[in-house]
Every structure is written in structure tokens, then in C-alpha cells.
Amino acid sequence: MSESNQNSLFSKVINWAAIAFLVYLVLVAVGTVSGGFKLASGGSAGAKEIFEFATNPFVALLLGALATALVQSSSTVTSVIVGLVAGGLPISIAIPMVMGANIGTTITNTLVSIGHIRSKEEFRRAFAASTVHDFFNLLAVTIFLPLEIMFGVLQKLAESLSHLFVGDADLSLKSYNFIKPLVKPAVGLVKDAVSFLDGKAVGVAMVVVGIALILFAVTTLGKLLKKALVGKAKDLLHSAIGRGPVAGITSGAAVTIMVQSSSTTTSLMIPLAGSGVFNTRQIYPFTLGANIGTTITALLAATSISGPAAEVALTIALVHVMFNVFAVALIYGIPTLRELPLIMAEKLAKIGANNKPAALGYVLGSFFVVPGIIMMAVR
């Protein structure tokens with residue numbers, strides 16, 4: 001084996017070792033957030049008091065959207081939400097927050113489309129391809145949030161499934177849970193590191209450290225996975241174009257799981273749309289697949305939770321999965337609903353191409369200004 005091949009192999013081994021470590025770090029971080037939240041809130045009753053301002057589902061939705069827009073990672077926000085739910089955050093608040101994360105994550109590919117702003121036609125195509133994601137997720141929330149508030153369909157289904165996996169004595173996976181002994185020592189190290197603080201401040205510090213670790217781990221993990229897999233992801237993306245919506249959705253989900261980032265999946269598409277290689281209708285299914293694929297991170301995060309909180313942590317992760325799967329099945333499955341995001345995206349892109357400040361205003365207003373003002377007003 002030549003020296004260059006040896007170096008390449010060594011580099012790949014190091015890269016995959018780092019990926020494995022970062023997956024472990026995500027698990028540790030979620031466990032740290034959960035443990036810290038329990039200490040800071042004094043249990044479920046305290047958690048409800050801390051999140052009293054978000055007891056309105058609409059405000060919780062905006063909180064999830066704003067948090068995701070700020071960190072530009074729905075994976076980070078949903079992982080934090082899993083940890084908070086395990087620490088006592090009520091499911092009724094967490095579900096709208098997860099739905100909000102779906103809205104907030106669409107900002108990344110919209111920002112990528114701004115890179116085409118110098119060319120009117122390129123920008124129109126790129127902006128339409130990016131905002132179809134926005135309008136689909138807004139439509140999904142418009143349909144499913146009221147249904148969830150009235151009937152709790154997603155919560156009930158998710159609770160039934162999570163109970164099947166971790167709640168029943170005969171079918172329990174707790175005895176096979178090897179994650180807890182792996183994660184517990186590292187969570188203990190974080191707790192010991194902040195133990196110089198007093199009382200509930202230890203819990204607050206653990207939450208802050210846990211969130212910082214999640215943000216670092218998910219962001220770095222995405223970069224390393226891009227380095228390892230983005231070539232294969234691009235090949236998969238190109239090979240599935242034109243093979244129909246099912247192939248598009250499946251490939252979008254697969255690419256997102258590979259690179260652990262829906263933002264990466266959708267951002268890969270925008271330059272293709274801007275250059276005119278593919279149109280918004282062709283790229284649309286990949287966007288929906290990205291929504292499904294990104295739910296894997298919350299499921300991974302839920303595996304780090306054990307004990308009485310394991311079931312509720314898995315419940316919110318499954319809500320995230322079902323919300324995205326059901327939204328794709330319903331909206332894309334009904335022709336009239338399927339066309340709405342496309343029509344709205346094309347109209348907004350036409351306005352944005354003719355009035356570029358309006359396009360920038362849409363991005364800033366929709367993801368930051370309006371949610372921030374509403375939340376401040378409600379509080």
C-alpha cells in the first residue's frame with residue numbers, strides 16, 4: 001500500500017472515530033440537560049413553573065421556531081427538547097415546540113438562496129425552491145397543531161408506541177439499555193465540574209453546559225459527516241431526481257440521515273434550482289424527505305434517557321417522527337394541498353426577485369422579528 005493510500009485510510013479512520021465520539025457526546029449532553037433541568041426545577045412541578053410563559057401552544061410554537069432559527073439546527077433544538085421533557089417539561093408544551101423547530105430549520109436553505117441574489121432569474125428559482133419548504137411546514141403546523149390541541153392524536157399514538165418499547169414489564173428494553181452505564185460517568189463529570197455552585201445553580205449550569213455540548217456536537221458531527229458522505233449524498237440526490245416523488249422523499253430522508261442535517265440536504269438542492277438544472281416541483285419531494293430524515297437525531301437523543309423519564313423522552317421523539325411522516329402523507333397525498341406550498345413559493349419568489357429588500361424582509365421578519373415581538377408581548 002502506497003504512503004498516500006495509508007494516509008488516506010488513516011484520515012478516514014480518524015474521521016469515523018471522531019464521528020463516533022460526537023454521537024456519544026450528543027448522548028452525554030442530552031443526559032446532562034435532563035439531569036440539570038431536574039435539579040434546577042425541583043421536578044415536574046418546578047418545570048411547569050419555569051415554562052409557564054409557554055403554556056400557550058402558540059407561544060411554544062414560536063419559541064421552537066425562534067430557537068431553531070437562532071442556532072440554525074432543528075437537530076440541536078429537538079435534542080434539547082428531549083432532554084427537557086425527560087427533566088419534567090410537559091409534553092403539551094414540547095409538542096408545539098417541536099413543530100416550531102420544523103419551521104425554524106427552513107431558514108438555512110432560504111439564506112443559501114440569498115447567495116443567488118445578483119441574478120434575478122437565478123434568485124427567483126432558488127428562492128422558490130427554498131421557500132417551498134417554509135410553506136409546507138407552515139401548512140403542516142396549521143393542520144396538525146389544532147388537531148393536536150383538540151384531540152392529542154400524535155401524543156396518544158406516541159405514548160402507546162413508547163409504552164410498548166419501554167413501559168411494559170414484559171416488553172421492556174430497560175434491561176438491555178447499555179447507553180446509561182456509558183453515559184452516566186460523563187454526566188457525573190459535568191455535574192462535578194459545576195458543583196462549586198450553590199443549590200439550583202448547579203442544575204442551571206448543567207443545562208447550559210448540556211445545550212452548549214449539543215450545539216457543538218451536532219454542528220461538528222454534521223461537518224464530519226459531510227466530509228465523509230457528502231459525495232455519496234450528492235450522487236444519491238442526482239440519481240433520484242426524475243424518478244418520482246416516492247424516490248425523491250426516500251432519497252431526501254436517506255441523505256439527511258447520512259449527513260445528520262436537513263439543512264445540508266435542502267442546501268444541496270438550492271444551487272441546482274438556481275442554476276436551472278432542476279425546478280421547484282422536482283426538488284419539492286427531497287425537502288419533504290429531509291423533514292423525515294432529521295427526526296433520527298431526537299430518537300438518538302431519547303436513547304440516552306433511562307428510568308421513569310425514558311418513556312416520556314421517547315414519546316416526544318416519536319411525536320416528531322409521526323408529525324413529519326403524517327404531514328408528508330396527508331399534504332403530498334392530496335393534490336390540492338400538495339400544490340399550495342408550490343403556488344405560495346412561486347408567488348413569493350416572483351415578488352422577491354422584483355423587490356429584493358422584500359425578500360430580505362421576509363427572512364428577518366418571519367424567522368426573528370415577528371416571533372420575538374409576539375413572545376415578548378405575550379410574556
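So, H11 against helix H12, residues 262-274: they pack at about 125°, axes 8 Å apart. Axes here are lines fitted to C-alpha atoms, over the stretch in contact for helices, with angles running from 0 to 180 degrees between N-to-C directions. That makes H11 oblique to H12, oblique being what remains after under 35 degrees (roughly parallel), over 145 (roughly antiparallel) and 65 to 115 (roughly perpendicular). On the H11 side you've got Gly252, Val255, Thr256 and Val259, meeting Ser262, Thr264, Thr265 and Leu268 in H12; contact means heavy atoms within 4.5 Å. That contact splits into three nonpolar, five polar and no charged residues, with Gly among the polar ones.

Quick caveat: this is a predicted model, where local features need pLDDT of at least 70, side-chain atom pairs count only at pLDDT 80 or more, and totals for chains, interfaces and linings use all residues. Residues are numbered from 1 along each chain as its sequence is written, and side-chain values use heavy atoms, leaving out hydrogens and water.

Okay, next pair. H11, residues 245-259, also packs with helix H13, residues 280-293, at about 45° with axes 6 Å apart. H11 and H13 are therefore oblique too. Gly252 and Thr256 are among the H11 residues in this contact, and both also meet H12. The H11 and H13 contact has nine nonpolar, six polar and no charged residues.

Leaving out residues up to four places away in sequence, Met99 touches several residues, including Leu61, Phe144 and Phe323.

Conventions
Helix = DSSP H or I, 4+ residues; strand = E, 2+ residues; numbered from the N terminus.
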